[in-house]
Structures are given as structure tokens and as C-alpha cells.
Amino acid sequence: MDDYDRGGHTKYCMMVHIIFVTKYRKNIFTKEDILNSVKYSLYTTAKKYGYFILQMEADKDHIHLLVKYKPSTSVSVIAGQLKQHSTYYMWKHYTKILSRHYWKRSVLWSDGFFACSIGQVSKETIEKYIQSQG
């Protein structure tokens with residue numbers, strides 16, 4: 001068996017590396033309970049919407065995620081859902097701490113995100129395969 005998912009008439013392996021940075025690069029994730037809470041909120045959001053966080057790690061002011069998803073879901077939708085739900089969750093549980101860093105309520109992440117698709121094979125392998133066609 002291979003590492004591909006199947007559905008209907010499709011066979012796929014969609015994975016993306018996503019990075020979110022805290023607004024103003026504030027060092028929010030300095031305490032383990034805060035870090036564990038943001039990770040929990042991201043995992044539960046992913047589960048709710050049907051994609052999977054395969055790997056996640058954070059530094060004081062940003063977080064890296066490796067997300068596996070279905071081709072019917074766009075990366076920008078995934079990022080938006082993760083950022084929106086984690087912001088709501090964190091403000092609900094850490095209002096006092098976050099209000100020291102942000103004057104505006106419901107802010108946690110900077111605008112935008114980094115995303116880079118990854119695959120099962122290298123770019124060079126795909127290029128050679130395409131060049132060998134026809």
C-alpha cells in the first residue's frame with residue numbers, strides 16, 4: 001500500500017508547511033501552558049474541519065505546522081480557519097496575558113502566513129518525469 005489517500009475518482013497526497021507569526025512578533029509562547037493551549041486549539045480545529053496536523057512546533061513568536069488535507073480544501077481556507085479559531089480560543093482562556101501585549105481584542109496572529117507545498121518526491125524527480133512524457 002502507498003501513502004496516498006483516495007476518494008471518489010481521486011488519488012492524492014496533499015501536504016503543506018504553514019508558518020504563522022504572532023502580531024508584532026510578540027513573544028507570546030514563552031510559557032508551556034500557553035504553548036500547549038495554542039497547539040490544542042490548532043489540533044482541534046484541524047480535526048473539526050477534516051484535515052490533519054502531522055507535525056507542529058513553535059518558537060516564542062511563531063508556529064510551524066505540517067498539514068495534510070483534501071484537494072477540495074484550499075490552503076488559504078485552512079490558514080484562515082486555524083488562525084481564526086486559535087485566536088478566539090486563546091483570548092477566551094488567556095485574556096489577561098494577551099491584553100498586556102495587544103490593545104485590540106481578538107488579535108493574535110500577524111496578517112498573512114507562509115505556505116509551501118510539499119510532496120512525496122523531489123522537484124527534480126517531477127521535472128524529469130514531465131520531460132520524459134510524449
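**Charged and aromatic contacts across the chain**

Aspartate 111 is exposed, its relative accessible area being 69% in this predicted model. The residue forms a salt bridge with lysine 23, with 3.9 Å between the closest N and O atoms. This pair links distant parts of the chain. Aspartate 111 lies in the loop between helix H3 (95-101) and strand S6 (114-118). Lysine 23 lies in the loop between strand S3 (14-21) and helix H1 (32-49), 88 residues apart from its partner. Lysine 23 also has an aromatic neighbour: its charged end sits over the ring of tyrosine 24, 5.5 Å from the ring centre.

The structure holds 4 salt bridges in total. One of them joins the side chains of aspartate 61 and arginine 25, at 3.2 Å from N to O. Aspartate 61 belongs to the loop between strand S4 (52-58) and S5, and arginine 25 to the loop between S3 and H1, so the contact ties together parts that are 36 residues apart in sequence. Aspartate 61 has a relative accessible area of 13% and is buried. Arginine 25, at 48%, counts as partly exposed, because the cut-off for exposed is over 50%.

Another salt bridge brings together the side chains of aspartate 5 and lysine 68, at 3.4 Å from N to O. Here both partners lie in strands: aspartate 5 in S1 (residues 5-7) and lysine 68 in S5 (residues 62-69). They are 63 residues apart, and the pair links distant parts of the chain. Aspartate 5 is partly exposed at 28% relative accessibility. Lysine 68 has a relative accessible area of 17%. That value falls under the 20% limit, so lysine 68 counts as buried.

Aromatic contacts also span the sequence. The structure holds 4 aromatic pairs. In one of them, the rings of phenylalanine 29 and tryptophan 109 have centres 5.8 Å apart. Their planes meet at 45°, so this pair is tilted. Phenylalanine 29 sits in the loop between S3 and H1, and tryptophan 109 in the loop between H3 and S6; the pair therefore ties together parts that are 80 residues apart in sequence. Phenylalanine 29 is buried at 5% relative accessibility. Tryptophan 109 is buried too, with a relative accessible area of 6%. A further tilted pair is formed by tyrosine 40 and tyrosine 89, with 5.8 Å from centre to centre and 50° between the planes. Tyrosine 40 lies in helix H1 and tyrosine 89 in helix H2 (residues 75-93). Tyrosine 40 is partly exposed, with a relative accessible area of 47%. Ring pairs also link Phe20, Phe29 and Trp109 into a cluster.

Buried positions in H1 are Ile34, Leu35, Ser37, Val38, Lys39, Ser41, Leu42, Thr45 and Ala46. Just after H1, glycine 50 takes a positive phi of about 85°.

Note on methods: Residues numbered from 1 in each chain as written. Predicted model: local features only at pLDDT ≥ 70, side-chain atom pairs only at ≥ 80, totals over all residues. Heavy atoms only, no water. Helix = DSSP H or I, 4+ residues; strand = E, 2+ residues; numbered from the N terminus. Buried < 20%, exposed > 50% of the residue type's maximum accessible area, 1.4 Å probe, protein only. Phe/Tyr/Trp six-rings, centres within 6.5 Å; stacked < 30°, edge-to-face > 60°. Lys NZ or Arg CZ within 6 Å of the ring centre and 35° of its normal.
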